[in-house]
Amino acid sequence: MKQVARDGRGDGQGRRTPTEVSTRMKRFGRGVRGNGQGRRTPTEVSTRVKKLLAVCVVGLVGLVSTGCGPAQGDAVTIRFHYSHFEPSAVSVRAGPPVTITLRNNDPIDHEWIVGPPAIHEMHRHGTEAVHAGRPTEVSVPALSTRVTTITFDDPVSYAYICHLPGHEEYGMIGELIAR
Ligand SMILES: [Cu+2]
């Protein structure tokens, strides 16, 4: 009886009339819509295309907000994989604190150092094996994750580089833009 109350159809005794049953079957059947020969009519195709377009638009909006290409926002994640940074470019806001998650997926240690050219030049010849206490200089052991929070007061464009021997030369370099 409930079912009848819900869809308001039926014979009033909870049974379905033969007509209704066939309608329901049609709804679930394959190729029922269209010209009855399993092909879709132009109208149906365009409806499907519209649906697909809607999905694409939603997808694009999602990409814009989560950042495809350069990561964006006040929280970004940079992965280390095969001695490269992924992504190799991130865009953040100047002003508010930015939380940066550094995820080392490699079985070897890396470091993430961000700053102006002078900082990188110093680290290229530096002897500090492990960095700690400076949010812009983070050692990330093999298969581990570190989180650092940095506030960029002004718009800047800084390189981030792993200065362990040979890593920069191998391509472990990226760019952070704060705007
Ligand atoms: Cu490295």
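Predicted model: local features only at pLDDT ≥ 70, side-chain atom pairs only at ≥ 80, totals over all residues.

Student: Which residue in S10 is the bridge partner of Ile161?

Tutor: Ile173 is the partner of Ile161 there.

Student: What about S6 and S9, how many bridges join them?

Tutor: Three bridges, between S6 at residues 110-115 and S9 at residues 156-161, again in an antiparallel arrangement. Within that pairing, Gly115 has Ala159 in S9 as its bridge partner.

Student: What holds paired strands together in general?

Tutor: Strands of a sheet pair through backbone hydrogen bonds, and the pairing can be parallel or antiparallel.

Student: Switching topic. What is the order of the strands in the open sheet?

Tutor: The order is S3-S2-S5-S8, four strands with mixed pairing. S3 (84-86) and S8 are the edge strands, each pairing on one side only. From one strand to the next, the twist averages 25°.

Student: Mixed how? Take S2 and S5: parallel or antiparallel?

Tutor: S2, residues 75-81, runs parallel to S5, and six bridges join them. One of the residues involved is Ile78, whose bridge partner in S5 is Leu102. S5 and S8 (residues 145-151), on the other hand, pair in the antiparallel sense over seven bridges. There, Ile100 has Thr148 in S8 as its partner.

Student: And S2 with S3?

Tutor: Those two are antiparallel, with three bridges. Arg79 is partnered with Glu86 in S3.

Student: Back to S5. Which of its side chains point to the buried face?

Tutor: Val98, Ile100, Leu102 and Asn104 point to one face and are buried.

Student: How much of the whole chain is buried?

Tutor: Buried residues are 16% of the 179 in the protein chain. The chain has five helices and 10 strands. Of its contacts with a separation of 6 or more, 58% come from residues 24 or more positions apart.

Student: Last one. Where does pLDDT stay under 50?

Tutor: Over residues 1-71, where the model has 33 contacts beyond four places in sequence. For the protein chain, the mean pLDDT is 73, and 59% of the residues reach 70 or more.

Technical notes. Residues numbered from 1 in each chain as written. Pairing = 2+ DSSP bridges. Buried ≥ 20, exposed ≤ 12 C-beta atoms within 10 Å, placed from the backbone. Contact = placed C-beta atoms within 7 Å. pLDDT = per-residue confidence, 0-100. Axes fitted to C-alpha atoms, helices over the stretch in contact; angles between N-to-C directions.
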